[in-house]
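The sequence and structure are shown first, and the description follows.

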Amino acid sequence: MRATWRVWCPDLDGDEDDARTFAALDAQDAAQEWADWEDRTSAEYLIVGGTDREVHVRGPDGQVTRWLVSGRSEAAYYAREVTR
């Protein structure tokens with residue numbers, strides 16, 4: 001069941017006042033959701049480009065855990081038959 005998690009990144013000079021809120025299954029999922037959000041909104045895609053980021057995640061129980069998020073860029077190709 002999804003819960004509300006707050007995630008911020010000290011690597012980007014963020015503190016809890018800068019936290020984003022995500023609905024996630026657990027702290028790891030919340031950290032990954034933050035990484036996806038960060039890459040999309042910054043349009044720099046540094047995380048999938050190889051720059052790891054440490055994020056802090058506050059769970060619904062108030063506990064803060066630290067996570068190192070990373071990513072990779074993958075080429076994906078698709079084909080579909082052409083019928084005329």
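## Fold and overall form

The model described here is predicted. The protein contains one helix and four strands. Read from the N terminus, its elements follow the order β-β-α-β-β. With a radius of gyration of 16 Å, well over the 12 Å that the globule rule gives for 84 residues, the protein is more spread out than a compact globule. The C-alpha trace spans about 60 × 30 × 15 Å along the principal axes of the protein.

## Burial, contacts and charge

Of the 84 residues in the protein, 29% are buried. The accessible surface comes to about 6,200 Å², and carbon and sulfur atoms account for 45% of that surface. Where contacts link residues at least 6 apart in sequence, 41% of them join residues at least 24 apart. As for charge, the protein carries 10 positive and 18 negative side chains. The centres of these two sets lie 7 Å apart.

## Strand pairing

Two pairings involve strand β3, which covers residues 53-58. On one side of the account stands strand β1, residues 3-8, which runs antiparallel to β3 and is joined to it by three bridges. Strand β4, residues 64-69, also runs antiparallel to β3, and six bridges join these two strands.

Individual bridge partners are set out below.

| Residue | Bridge partner | Strand of the partner |
|---|---|---|
| R6 | R58 | β3 |
| R53 | V69 | β4 |
| R58 | V64 | β4 |

For R53, the partner in β4 is V69.

Strands β3 and β4 form a hairpin with five residues between the strands.

In summary, the predicted model has its elements in the order β-β-α-β-β, with β3 joined by bridges to β1 and to β4.

How values were computed:
Residues numbered from 1 in each chain as written. Predicted model: local features only at pLDDT ≥ 70, side-chain atom pairs only at ≥ 80, totals over all residues. Heavy atoms only, no water. Rg over C-alpha atoms; globule rule 2.2 N^0.38 Å. Buried < 20%, exposed > 50% of the residue type's maximum accessible area, 1.4 Å probe, protein only. Contact = heavy atoms within 4.5 Å. Areas by Shrake-Rupley, 256 points an atom, 1.4 Å probe, with all protein chains shown as cover. Lys, Arg positive; Asp, Glu negative; His and termini not counted. Charge placed at Lys NZ, Arg CZ, Asp CG, Glu CD. Pairing = 2+ DSSP bridges.
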